[in-house]
Amino acid sequence: MASQNPNQFLLSLPKWILICALVGIFSGSASAFFLVALEWVTQFRIQHKWIIWLLPFGGFLVGLSYYYWGESVAKGNNLLLEEYEEPKKVIPFKMAPLVLLGTLLTHLFGGSAGREGTAVQMGGAIADQFTKFFNLDHSERRILIILGISAGFASVFGTPLAGAIFALEVLYFSKINFKSILLSFLVAYAAYFTVEFWQIKHTHYSIPIIPELSLNNIIFTLIIGVLSGFAALLFSRSTHFWGYIFSKNIKYPPLRPVIGGVILAIAIAGLGFTKFSGLGIPVIVDSFSNPSQWYDFLLKILFTGFTLGAGFKGGEVTPLFFVGATLGSALSTVIPMPIALLAGIGFVAVFSGATHTPIACTVMGMELFGIAPGIFIAIACTIAYFSSGSIGIYKSQIVKGAKYKLYQKFL
């Protein structure tokens, strides 16, 4: 962890408070617009189910836009991670409108994707523009990227504590100083309150019954953690696999989402798998009160991996929530614990395994579901983190620490 002279820190603090305010307001406003637009296209798709048949056309628009204008930002979240580790040049602002448009098109026509990637990329692109405005050096640019990730995540999910920690943990606290930590929390709350100012509502979940912390319940939680880790591993490998298949066999990039869109349209509209299109929020909410089918989480992994691998845009985190919640919900038929608790544990544990961020996911669980189930969530997130393999959803993420040592030693 990098260090900084206390006097330098105090002298630069007013400048960074201003930057946090600007990044928080702009990123939060971008997320607010995105959430409103996303809700609109989602409702339009639900009311006009025939539009899913136009998914190949939507894919062609996404593919063309990135092929002709977005080659430099096509790596998405991985570009943010790479620029953090080895700062080279300012992330082009066009990343923000391109990923916004690409994600809205993906959801409008029924692709299976999330929203976190979009918000994080918009936040990162917006934040990095202040590099030139404030004449920042490479080490200060790293702070900007942290601020962008933190603001994007906190604003899109309404979880400022988790957003701030996620921005730090996804980078494994590399080259991070005390100022970075303080500012990450500051910008997360600035972005969060900006979304609140725009009166955007986030989805609320509830775990009404919390059982006692008995040995049996701890064992059951450990089992859920392991299964969540395996689900995270399958999700990550699926996304990478389909990306490899499409890039290897279809050399012209704009055609990848077209062909992928044809297959997805047939599967989703033709075969009746519409509940796996888009974010899947209604399915997630339902999983907290009604047992999901045992195969729901597997199909969401398949549809999301295929959608993103084909070149459509969007995030992975909400689909990970879907996977985890439906997995936990399905397990309620064999594990004698409250269904809402199982769904909530899976909700964040699969996310933990896929992003290597158990601390952020534990905090997120408590922000979303309350402090009461915190010990169960912490156990499951930690176990999922260790059991999900060494490769997560972000190829450029550097995995270090206890998990890295474990896999280096035994695998």
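**Figure 1. The largest cavity of the predicted model.** The largest cavity holds about 90 Å³ of space. The structure shown is a predicted model, and it contains 3 cavities of 30 Å³ or more. The lining of the largest cavity is made by Arg115, Val156, Phe157, His202, Thr203, Tyr205, Phe321, Phe347, Met364 and Leu368. Helices α7 and α16 (358–369) each contribute at least two residues to this lining. By class, the lining of the largest cavity comprises 7 nonpolar, 2 polar and 1 charged residues.

**Figure 2. The second largest cavity.** At least two lining residues come from each of α3 and α5. Helix α3 gives the most, with 3 residues. The lining of the second largest cavity divides into 7 nonpolar, 1 polar and 1 charged residues.

**Figure 3. A cluster of aromatic rings.** Ring pairs join Phe153, Phe157, Phe166, Tyr205, Phe288, Phe321, Phe347, Phe351 and Phe369 into a cluster. Phe157, Tyr205, Phe321 and Phe347 are among the residues that line the largest cavity.

Figure 4. In one of them, the ring centres of Trp40 and Phe44 are 5.4 Å apart and the ring planes lie at 20°, so the pair is stacked. Both residues belong to helix α1 (residues 6–47), where they are 4 residues apart, about one turn of the helix. Trp40 is exposed, with a relative accessible area of 57%. Phe44 is partly exposed, with a relative accessible area of 25%.

**Figure 5. A stacked ring pair between a loop and a helix.** The rings of Phe276 and Phe303 are stacked, because their centres are 5.7 Å apart and their planes are at 10°. This pair links distant parts of the chain, 27 residues apart: Phe276 is in the loop between α11 (255–270) and α12 (281–287), and Phe303 is in helix α13 (residues 296–309). Phe276 and Phe303 are both buried.

**Figure 6. Lysines over aromatic rings.** The charged end of Lys313 sits over the ring of Tyr66, at 4.2 Å from the ring centre. In a second example, Lys300 lies over the face of Phe322, 4.9 Å from the centre of the ring.

Figure 7. Side chains of opposite charge can pair when their charged atoms come close. The structure holds 5 salt bridges. In one of these, the side chains of Glu140 and Lys15 meet, at 3.3 Å from N to O. The pair links distant parts of the chain, with Glu140 in helix α7 (residues 138–157) and Lys15 in helix α1, 125 residues apart. Glu140 is buried, with a relative accessible area of 15%. Lys15 is partly exposed, at 26% relative accessible area.

Figure 8. Arg141 and Glu83 form a salt bridge in which the closest N and O atoms are 3.0 Å apart. Asp128 is in helix α5 (residues 116–128) and Arg141 is in helix α7, so here the parts tied together are 13 residues apart in sequence. Asp128 is buried, as is Arg141. Through shared partners, the salt bridges join Glu83, Asp128 and Arg141 into one network.

Terms used. Residues are numbered from 1 along each chain as its sequence is written. This is a predicted model: local features need pLDDT of at least 70, side-chain atom pairs count only at pLDDT 80 or more; totals for chains, interfaces and linings use all residues. Side-chain values use heavy atoms; hydrogens and water are left out. Rings of Phe, Tyr and Trp (its six-membered ring) pair if their centres lie within 6.5 Å; planes under 30 degrees apart count as stacked, over 60 as edge-to-face and the rest as tilted. Buried means under 20% relative accessible area, exposed over 50%, partly exposed in between (1.4 Å probe, protein chains only). A charge sits over a ring if NZ of Lys or CZ of Arg is within 6 Å of the ring centre and within 35 degrees of the ring normal. A salt bridge is a side-chain nitrogen of Lys or Arg within 4 Å of a carboxyl oxygen of Asp or Glu. On a 1 Å grid over the protein atoms alone, a cavity is a set of points where a 1.4 Å probe fits but cannot get out, and a pocket is an open set with protein on both sides within 12 Å along at least five of seven lines; lining residues have an atom within 4 Å of a point. Grid points are joined across faces, edges and corners, and a volume is the space filled by probe spheres set on the points. Ala, Val, Leu, Ile, Met, Phe, Trp, Tyr, Cys and Pro count as nonpolar, Asp, Glu, Lys and Arg as charged, and the others, Gly among them, as polar.
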